[in-house]
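Subject: Structure for your review

Dear colleague,

Please find the structure below, together with its sequence. My findings follow it, and I would be grateful if you would read them with the model open.

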Amino acid sequence: MSKTEDRRLDALQAALAAEHAAVYGYGVVGGRVGEERRTEARAAYDAHRARRDALARDVRDLGGEPVAAAAGYALPFSVPDSAAAVRLAAELEDRVAGVYSDLVRAAEGDARATAAGALREAAVRAARWRAGSVAFPGLAERAGTPAAGQGRPDPDASGTATGPAASSATASPTA
C-alpha cells in the first residue's frame with residue numbers, strides 16, 4: 001500500500017471511529033432533547049449511521065479491517081437536560097467535522113467530494129444545534145490542541161481508537 005493509501009486509510013478509520021461515537025452520542029441526545037428537536041436528533045442519528053456504514057465499506061475496499069465501536073463512551077460533560085443535549089449534539093458535529101477535514105485532505109477525486117459533503121453536513125448540523133456557525137468548520141475545535149496524529153486509531157491500543165477526533169462523543173472510550 002502506498003503512503004497516500006495509508007494516509008487515506010488512517011483518515012477513513014478516524015472518521016469511522018468518530019461516526020461510531022456520534023451514533024452513541026446521539027442515543028444520549030435523543031433521550032434528553034426536548035420534543036421540539038427530537039425529529040432533528042433522529043435525522044442526525046440516521047445520517048451518522050449511514051455515514052458509519054459507508055465508511056466501513058470504504059475501509060474494507062482499501063483492504064483494512066474497520067475499527068470497531070467501543071462498548072461505551074465517556075461524554076465530554078454531563079447531559080442532565082434538553083439544553084445539555086443540544087450542546088452535546090453541537091459538540092458531536094464539531095468533532096465529526098474535524099475528522100472529515102482530515103479525510104478531505106487525505107482523499108482524492110470522488111472520495112474527496114464525499115468527505116467534503118460529510119464535512120459540510122456536520123457543519124450545517126452543528127450550526128443548527130448551536131444557532132450559529134464558526135468561520136472554518138472542522139478546524140475551529142482543533143485550536144490549541146496538538147494536531148499531529150491526533151484522532152487516528154492507535155494500532156497498538158487493543159483495537160480501540162482514542163483521542164478527541166477518534167470519538168465524537170468523548171475523549172476516551174470506556175468498557
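Leaving aside residues up to four places away in sequence, Tyr100 touches Ala15, Glu19, Arg51, Leu55, Ala115, Ala118 and Leu119. Please bear in mind that this is a predicted model.

Tyr100 also belongs to the largest nonpolar core, which has 24 residues. Tyr100 is listed there among the residues with the most contacts inside the core, together with Leu12, Ala15, Leu16, Leu55, Val96 and Leu103. Four helices each supply at least two residues of this core: H1 (3–32), H2 (38–61), H3 (82–106) and H4 (109–130). The largest share, 9 residues, comes from H1.

I then examined how H1 and H2 are arranged. Their axes come within 9 Å and cross at roughly 155°. An angle over 145 degrees counts as roughly antiparallel, and H1 and H2 are therefore roughly antiparallel to each other. The crossing in which H1 passes H2 is left-handed. Sorted by class, the residues in the contact of H1 with H2 are 14 nonpolar, 5 polar and 6 charged.

The C-alpha atoms of Ser133 and Ala123 are 7.7 Å apart, while the two residues are 10 residues apart along the chain.

Yours sincerely,
A colleague

How values were computed. Residues are numbered from 1 along each chain as its sequence is written. This is a predicted model: local features need pLDDT of at least 70, side-chain atom pairs count only at pLDDT 80 or more; totals for chains, interfaces and linings use all residues. Side-chain values use heavy atoms; hydrogens and water are left out. A nonpolar core is a set of buried Ala, Val, Leu, Ile, Met, Phe, Trp, Tyr and Cys residues joined through side-chain atoms within 4.5 Å. Buried means under 20% relative accessible area, exposed over 50%, partly exposed in between (1.4 Å probe, protein chains only). Contact means heavy atoms within 4.5 Å. Axes are lines fitted to C-alpha atoms, for helices over the stretch in contact, and angles run from 0 to 180 degrees between N-to-C directions. Angles under 35 degrees count as roughly parallel, over 145 as roughly antiparallel, 65 to 115 as roughly perpendicular and the rest as oblique. A crossing is left-handed if the near helix is turned anticlockwise from the far one by less than a right angle, and right-handed if clockwise. Ala, Val, Leu, Ile, Met, Phe, Trp, Tyr, Cys and Pro count as nonpolar, Asp, Glu, Lys and Arg as charged, and the others, Gly among them, as polar.
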